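Subject: Handover of a structure and what was found in it

Dear colleague,

Please find the sequence and structure below. The findings follow directly after them.

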Amino acid sequence: MPSTLDALRRPLRDLRVSVTDQCNFRCPYCMPAEVFGPGYRFLPRAALMSQQELQAILAAFVAMGVEKLRFTGGEPLLRPDLPDLVAYAKKTLQVSDVAVTTNGWLLERSVDALAAAGLDRLNVSLDGLDKEAFREMTGRDLDPERVLSGIRAAQARGLPVKVNMVVQRGTNDHQIEPMAEWARAGGVTLRFIEFMDVGNHNGWSPERVVPAAEIVKRLAARWPVRAIGRSYRGEVAARYAYLDGKGEIGLVSSITEPFCRDCNRARLSADGKLFTCLFATSGHDLLGFLRSTRDPRELVRFVTDIWQGRRDRYSEERELLRATGSRESKIEMSYIGG
């Protein structure tokens, strides 16, 4: 199906959908506890997309050429009807690639329903195996073994699992090699993510970024690797295979090696706002539009106009914006699902 192109000739192929703004972790790079504490007011139920409304919006994006769909949050497993949404995407809309990104805490109890719904794969956020590092990176006094059990349960059901590790210098960078060793032994694809300046409260600074090239160098010193390149246009992870055949790693380097030129992703917040960049400052109210028109055809035209005007390339412009002193407030990662 021909896809809608933006102003820089980038197609719309990939949609990230936040199904809730709530989460059971308080990861400092996403939902720091000092901001998202007990007094924080999450979205009221009436503001969230209902299952029927979300289905209508998903259908509009598929009509525009979306081929990949990922359900995120907050923590998506907190939404009880998530398996129904997965089933609708797979069985009704026939989306070829449907995934869920989760912190894994509720995965073991959810994996059977997700597999039965037709889920294609899982991404699990795990920033360290060491208990101290895990607690610091989740903002909770929890044991990572529960997440590991969820990953094993998913593998037992035949679901491919990728693990995402956000790396912060001085916090969990000592976990790079242990995480790689665990992933190699367990048949898990591990992706390292540079600490990004998403949102406004995560304490980001360039000094806390561990560049992707440094991570590759460290791992290659122990397990030689070779670059295997990206498998399709728009894939964000640079991929390397271990020479001994024990899997591969991916590196998402939005800071040191921006990939804006091939970005084909749109993001939908839990209250139905469309964001055309992870670093956006504002969104477009699709849910409000749908509730006012009740016409799916009009929704397709509305989204098409938004995407065709898209010029976002924040990561390529980051240094210029910093140099000119731009301080425009960005949307929080937890709101649009990363």
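A47 counts as partly exposed, at 24% relative accessibility. Here buried means under 20% relative accessible area, exposed means over 50%, and partly exposed lies in between (1.4 Å probe, protein chains only). A47 is found in the loop between β1 and α1. A47 touches A270, D271 and L287, leaving aside residues up to four places away in sequence; contact means heavy atoms within 4.5 Å. In sequence A47 and S292 are 245 residues apart, while their C-alpha atoms are 14 Å apart in space.

Please note that this is a predicted model, in which local features need pLDDT of at least 70 and side-chain atom pairs count only at pLDDT 80 or more, whereas totals for chains, interfaces and linings use all residues. Residues are numbered from 1 along each chain as its sequence is written, and side-chain values use heavy atoms, with hydrogens and water left out.

The chain as a whole

The secondary structure of the protein chain comprises eleven helices and twelve strands. Helices (H or I, at least four residues) and strands (E, at least two) are DSSP runs, numbered from the N terminus. Along the principal axes, the C-alpha atoms fill a box of roughly 60 × 50 × 45 Å. Of the 338 residues, 56% count as buried. Among contacts between residues at least 6 apart in sequence, 72% join residues at least 24 apart. The accessible surface comes to about 14700 Å², and 49% of this belongs to carbon and sulfur atoms. Accessible areas come from the Shrake-Rupley method with a 1.4 Å probe; for residues, only the protein chains shown count as cover.

The sheet

Twelve strands form an open sheet with mixed pairing, in the order β7-β8-β9-β6-β5-β4-β3-β2-β1-β10-β11-β12. Its edge strands, β7 (225–227) and β12 (284–285), each pair on one side only. Two strands pair if DSSP finds at least two bridges between them.

How is strand β1 (residues 14–18) placed, enclosed or open? Five of its five residues are buried, so β1 is largely enclosed by the rest of the structure. In a regular strand the side chains alternate between the two faces of the sheet. In β1 both faces are covered, with D14, R16 and S18 buried on one side and L15 and V17 buried on the other. The chain crosses from β1 through helix α1 (residues 51–63) to β2 in a right-handed β-α-β crossover. Right-handed means that, with the strands pointing away from the viewer, the path from the first strand over the helix to the second runs clockwise.

β1 runs parallel to strand β2 (residues 68–72), and five bridges join them. R16 stands opposite R70 in β2. β1 also pairs in the parallel sense with strand β10 (residues 265–268), over four bridges, and there the bridge partner of R16 is R267.

Strand β4 (residues 121–125) is mostly covered, as four of its five residues are buried. Parallel strands β3 and β4 are joined by four bridges, and T101 has N123 in β4 as its bridge partner. The chain passes from β3 through α3 to β4, again as a right-handed β-α-β crossover. β4 pairs with strand β5 (residues 161–167) in the parallel sense, over four bridges. In β5, K162 is the bridge partner of N123.

Helix α2

In helix α2 (residues 82–92), the buried residues are L82, L85, V86, A87, Y88, A89 and K90. The buried residues of α2 pack against α1, β2, β3 (97–102) and α3 (107–117). Just after α2, Q94 takes a positive phi of about 55 degrees.

Residue D197

D197 lies in the loop between β6 (189–194) and α7 (212–220), and is buried, with a relative accessible area of 6%. Which residue's side chain does the side chain of D197 meet in a polar contact? The partner is the side chain of Y314, at 2.6 Å. A polar contact is a pair of N or O atoms within 3.5 Å; within protein, one must be able to donate a hydrogen and the other to accept it, and residues adjacent in sequence count only if both atoms are side-chain atoms. Residues that D197 touches, not counting those up to four places away in sequence, include N202, W204, I255, F279, R318 and K330.

Yours sincerely
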